Amino acid sequence: MTDTPADPSTPTSDALHQRPGAAGTGPAPGSAPASDAPAPQPSPRRRAAHDAPFLAAARGERPSRRPVWMMRQAGRSLPEYREIRRGTGMLEACFTPEILAEVTMQPVRRHDADAAILFSDIVVPLKAAGVDVDIVAGRGPVVGHPVRTAADVAALPTVTEDQLAPVVEGIGGVLGELRPDQVLIGFAGAPFTLASYLIEGGPSRNHERTKALAYSDPDLWHALMTALTPTVIRFLTVQAEAGVDAVQLFDSWVGHLSVRDYDRLVAPYTRRIFEAVRPYGIPTIHFGVGTGELLGTMAATGPDVMGVDWRVPLDTAAGRVAEAVRSVDPSRQVPALQGNLDPAVLFAGDDAVRRHVDRICAEADHAVERGDARGHIFNLGHGVLPDTDPDVITRVFERVHAR
């Protein structure tokens, strides 16, 4: 057998922006392509204004202000988050609708963010499906029974909509509080990152067991990725149906792969996920850490917005992304950019923060003017660090909005 599954064709730019029901839309979420498959319909719960800054930037239009939000803004650095989480485990909080909604909204109220990011964790759909996984303080996700054999893969469940009911309820609570010019971003962990946690049994510095399995038994690797992809699709499409305005696919650890390995081992599954979400008509974002060499290959899988970590200047990243996208389909519009302030800069004092914010905005504007990016959404190059002063974050938001 080959070590790469059948690779779905890359859609054209027209397909990227078709609404459900239009000719050429993709298959129903979680389904194989079928001519009689019903097209997903936009959620009647979605309420962000069409000209919300985030949405305008993602489409390549001029927003009323430069949109800004931060990964891990929901929680971590906020005292009000620590208070509400007192005595409640991370995953328990993710499955408690009232806590989920409140934590999601806390940074939006405090910082005047243009987007809320759903309070969740990448292992939430695995936990909901019944996988023995927990988040251990100071370590991260820990899997009770690592997945390393064909029998382990065959035993993996696929999450159902009913199992995600608390998340849907929490989304409803967020939508009731956001302003029309603010969006709610849902998210999921990508199959490679989920597979890494499952194979390693927890966080890993080198991902040696993950790579060893992929290199030594490619059939088993593709069986695992094939098993995980429907759960990721369902988690994202359930959020889309519940009313989120955009989704972000995190492939946190994929930066440990070479471009060649990414193409063979990861890209086909990422592409399937974006194809499944596309009919919902909401922007999709893709992000990974340490992915400077992979940016073009990742962008070619089909996201509308490409997240960039702090290691690559935005205009340089845009060039890599644009070149890759155009080489696959010259008619496809290039993605917008998201990023990319180093989280450590928030500890460097106001002068340094202002310089870096202004530099990043200038790099993004240069990329847009050059035609290598369609818009810019300001963000960190990874997540908010736990000891970050919330007042510094607020000042960053104000600075970005003034640009």
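Biologist: Is Y197 buried or exposed?
Modeller: In this predicted model, Y197 counts as buried, at 8% relative accessibility. The cut-off for buried is under 20%.

Biologist: And which ring does Y197 pair with?
Modeller: Y197 pairs with W253: the ring centres are 6.4 Å apart and the planes stand at 70°, so the pair is edge-to-face. Y197 belongs to helix α9 (residues 191-200), whereas W253 is in the loop between β5 (246-250) and α12 (259-265), so the contact ties together parts that are 56 residues apart in sequence. W253 is partly exposed, with a relative accessible area of 24%.

Biologist: How many aromatic pairs are there in the whole structure?
Modeller: The search finds five. One of these joins Y81 and F119, whose ring centres are 5.8 Å apart with planes at 70°, so this pair is edge-to-face.

Biologist: Where do Y81 and F119 lie?
Modeller: Y81 is in helix α3 (residues 79-85), and F119 is in the loop between β1 (115-117) and α6 (124-129); the pair therefore ties together parts that are 38 residues apart in sequence. Y81 counts as buried at 10% relative accessibility, and F119 is buried as well, at 3%.

Biologist: Which residues form an aromatic cluster?
Modeller: F187, F250 and F287 form one.

Biologist: What sits over the ring of W310?
Modeller: The charged end of R311 does, 4.2 Å from the ring centre.

Biologist: Turning to pockets, what is the volume of the largest pocket?
Modeller: Its volume is about 1,000 Å³. The lining comprises 32 residues, and those nearest the centre are R72, R76, M90, S120 and D121. The elements that contribute two or more residues to this lining are α3, β2 (133-136) and β3 (140-143).

Biologist: What is the lining of the largest pocket like by class?
Modeller: There are 21 nonpolar residues, six polar and five charged.

Biologist: Which residues does UniProt list for "binding site"?
Modeller: The unreviewed UniProt entry gives R72, Q73, A74, G75, R76, D121, Y197, S252 and H382 under that heading. From this set, the lining of the largest pocket takes in R72, A74, R76, D121, Y197, S252 and H382.

Biologist: Where is G75 found, and is G75 buried or exposed?
Modeller: G75 is located in the loop between α2 (53-59) and α3. With 0% relative accessibility, G75 counts as buried.

Notes:
Residues numbered from 1 in each chain as written. Predicted model: local features only at pLDDT ≥ 70, side-chain atom pairs only at ≥ 80, totals over all residues. Heavy atoms only, no water. Phe/Tyr/Trp six-rings, centres within 6.5 Å; stacked < 30°, edge-to-face > 60°. Helix = DSSP H or I, 4+ residues; strand = E, 2+ residues; numbered from the N terminus. Buried < 20%, exposed > 50% of the residue type's maximum accessible area, 1.4 Å probe, protein only. Lys NZ or Arg CZ within 6 Å of the ring centre and 35° of its normal. 1 Å grid on protein atoms, 1.4 Å probe; cavity = no way out; pocket = protein on both sides within 12 Å on 5 of 7 lines; lining within 4 Å. Points joined across faces, edges and corners; volume = space filled by probe spheres on them. Nonpolar A, V, L, I, M, F, W, Y, C, P; charged D, E, K, R; others polar. UniProt positions renumbered as here; feature names shortened; annotations may be inferred.
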